[in-house]
Amino acid sequence: MMRYLTILLLFCCVATFTYAEDAAVTATPAGTSDVPEVDVPEVVVPEVVPEVVVPELTPEEIKAEADKKKLQSVLDSLESTQLALSEKLKEQTALQSRYKSAGPTEKEAFQAELDKVALDIKNLRTSFEQVAIGGIRLEAYGLTETPFDWKEELVLITQPVIESLKSLTEKPRNLERLRTIIADRRLRLEEIGKAITILESRLAAKPPTLIVPLLSKTLDDWQSKKKDNLREMELAQVQLDSLLGNNTAWYETIVTSVKSFFNGRGKTLLIAVIVSVVIWQVMRGLLWLIRKKAQSGKSTRRRIFAYLYKFLTTLLIVIGIMVVLYIRGDLLLLALMIIIFVGFVLAVRSYLPGYITEAKTLLDLGTVREEELVVYNGIPWEVHHINVQSILINPDIHGILRIPLSELVNLKSRPAGRGENWFPCRKGDLLILPSGSTGEVMRQTPDSVEFMCKGGMRLSYPTAAVFEMGLLNLTKGDSYAALTVFGIDYSHLDICLTMVPDKFAEAVKEGLTQAGLGEHIVDVSVDFKVANSSSLDYQIIATMHSRAASSYFKVERVLQQSCVRACAENDWGIPFPQLTVHSAETGE
């Protein structure tokens with residue numbers, strides 16, 4: 001360091017001597033002894049030179065001149081610091097001599113002064129070095145070390161991240177710190193100046209001889225404080241000028257940052273991406289070869305192999321990226337990956353049992369399995385596909401149901417039986433609604449079922465409610481039955497079990513044929529039901545083909561009409577409710 005400083009001083013001396021010599025030659029040219037040449041100053045030379053030379057200075061020359069002045073200021077500051085250091089060294093030598101010859105009681109006071117002087121000498125040497133090297137921080141070159149307070153293992157992982165974050169605001173923080181130091185030293189300088197002025201006034205007032213030495217020593221101390229304060233302020237100013245002198249244009253900063261990124265971390269990221277793509281392609285090739293040679297097996301084995309392949313591919317990609325970061329020496333990205341991995345492990349630790357259950361379900365080894373029947377929201381569904389978003393279908397319902405895996409793991413499935421009843425109706429079926437009317441299914445989705453009633457009226461029910469209602473479907477089977485109850489008078493008791501049922505059956509068939517429903521008759525049955533209070537009741541059932549489902553109420557009416565016609569033809573009485581009133585005899 002001293003060698004470079006000596007060379008710099010020698011260069012400045014040579015440049016100064018050369019400049020002075022050139023100036024002397026220009027000021028005293030040869031042949032200036034003639035008198036007429038004295039009129040030369042009358043030519044406007046002194047006025048022209050400033051106007052011509054000054055504007056012709058290039059930015060490089062102006063900058064060189066400013067750098068020269070700055071260098072001279074630094075040299076002056078170094079000289080004053082060196083003089084102050086020499087004085088402190090002399091003071092230290094004198095104090096050491098007095099310390100050796102002092103008594104036991106005085107040594108403590110001398111030792112305190114020696115410690116203070118030693119600290120001042122250390123600060124002066126540090127200030128001299130700081131000014132000499134242009135205010136560069138010594139911490140950047142490992143001359144000082146700032147210990148971390150965190151645990152050692154955590155520091156080793158997080159230190160690159162913290163240092164990178166600190167470097168983003170390092171320059172603004174240093175600028176603010178130096179400005180604060182300069183402002184504080186200026187305030188101190190004002191107070192020190194007031195103290196020195198007061199002490200000088202005390203000495204100028206011719207105080208008693210006894211206190212003059214103490215006042216003089218106090219004045220010397222405060223003058224020393226003033227010098228120290230000035231040196232600290234100069235050091236802070238040099239460091240501030242050094243930081244401000246490094247400012248560059250914003251576009252140059254952007255270009256430099258982009259170039260630095262692509263030459264450093266950008267190249268690392270590009271290599272990591274290339275390695276990841278290569279690993280992914282290699283694993284896809286291996287998967288293609290395995291699928292080509294392997295025979296189709298169970299769905300569970302295929303699913304286990306598929307997820308194992310995905311896990312292994314992801315693991316190899318992560319390992320490849322970490323190897324790239326390690327080889328490239330990018331500790332920041334490597335530390336970020338480790339932090340993310342550790343955070344992920346800590347986050348999933350409490351959810352691990354749930355993840356295990358979901359993993360078993362994904363592997364088709366849980367309580368819900370693909371191609372089985374599961375009841376969800378009161379409706380049976382077929383598990384079509386199990387994934388993070390599983391898909392449920394119902395053959396009789398238009399649309400699919402997509403539910404998350406977290407809900408699916410709480411359900412239970414079973415194999416669907418042959419001819420399983422997935423839903424009470426399908427589109428186009430005719431059902432008897434709770435109101436007693438019939439309705440045709442127009443549309444049924446996972447949310448609602450829409451019916452069209454007589455006259456074109458529309459009616460909707462929730463899908464789960466339709467499943468729970470237990471509605472009669474007239475078209476789902478091959479046939480349906482319409483029944484009615486009809487009674488005759490007790491006067492026909494002798495033929496109620498022989499002739500009457502046959503006559504009613506014949507009349508019903510004839511009536512249905514006349515109504516245009518003869519081809520849809522499957523069976524007609526008439527059975528004696530009960531001997532009621534005032535009639536002998538028969539149950540008449542007409543089994544009709546499902547193609548005549550729309551004539552359900554018509555068939556019921558035809559049954560009654562046919563029975564009435566049979567009674568009229570055979571002269572059978574039709575009873576009606578009777579009320580017998582008994583009156584009590586009253587005496588006059």
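Is Thr361 buried or exposed? Thr361 is buried, with a relative accessible area of 3%; buried means under 20% relative accessible area, exposed over 50%, and partly exposed in between, with a 1.4 Å probe and protein chains only.

Before going on, a word on the model. This is a predicted model, in which local features need pLDDT of at least 70 and side-chain atom pairs count only at pLDDT 80 or more, while totals for chains, interfaces and linings use all residues. Residues are numbered from 1 along each chain as its sequence is written, and side-chain values use heavy atoms, with hydrogens and water left out.

Back to Thr361. It is found in helix H12, residues 352-362; helices (H or I, at least four residues) and strands (E, at least two) are DSSP runs, numbered from the N terminus. Not counting residues up to four places away in sequence, Thr361 touches Gly366, Val368, Ile386, Leu405, Leu408 and Val409, where contact means heavy atoms within 4.5 Å.

Next, the nonpolar core. The term covers a set of buried Ala, Val, Leu, Ile, Met, Phe, Trp, Tyr and Cys residues joined through side-chain atoms within 4.5 Å. The largest one has 33 residues, and those with the most contacts inside it include Tyr480, Phe504 and Tyr538. At least two residues each come from strand E6 (430-432), strand E11 (479-488), helix H15 (499-514), strand E12 (521-531), strand E13 (536-545) and helix H16 (552-570). H16 gives the most, with seven residues. Domain 4 (423-476) and domain 5 (478-576) each supply at least three residues of this core; these bounds come from an automatic or database domain assignment.

Take Phe504 as an example. Leaving aside neighbours within four places in sequence, its contacts include Phe486, Val526, Cys563 and Trp572. Apart from this core lies another, of 26 residues, among them Val368, Trp381, Ile386 and Leu433.

Now the sheet. Which order do its strands take? An open sheet of three strands runs E11-E13-E12, with antiparallel pairing; two strands pair if DSSP finds at least two bridges between them. E11 and E12 stand at the edges with a single partner strand each, so one side of each is left without a neighbour in the sheet. From one strand to the next, the twist averages 20 degrees. Between E11 and E13 there are ten bridges in the antiparallel sense, and Val485 stands opposite Gln539 in E13.

Two helices pack on this sheet. H15 touches E11, E12 and E13, and its direction makes about 140 degrees with that of E12. H16 touches E11 and E13, at about 30 degrees to the direction of E11. Axes here are lines fitted to C-alpha atoms, for helices over the stretch in contact, and angles run from 0 to 180 degrees between N-to-C directions.

Ala505 sits in helix H15 and is buried, with a relative accessible area of 16%. Its C-alpha atom is 6.4 Å from that of Val524, 19 residues apart along the chain.

Last, the charged pairs. A salt bridge is a side-chain nitrogen of Lys or Arg within 4 Å of a carboxyl oxygen of Asp or Glu, and the count comes to 13. In one of them, Lys88 pairs with Asp120, the closest N and O atoms being 3.3 Å apart. Lys88 is in helix H3 (residues 59-101) and Asp120 in helix H4 (residues 104-132); both are buried. Arg426 and Asp396 also meet in a salt bridge, at 2.7 Å, N to O.
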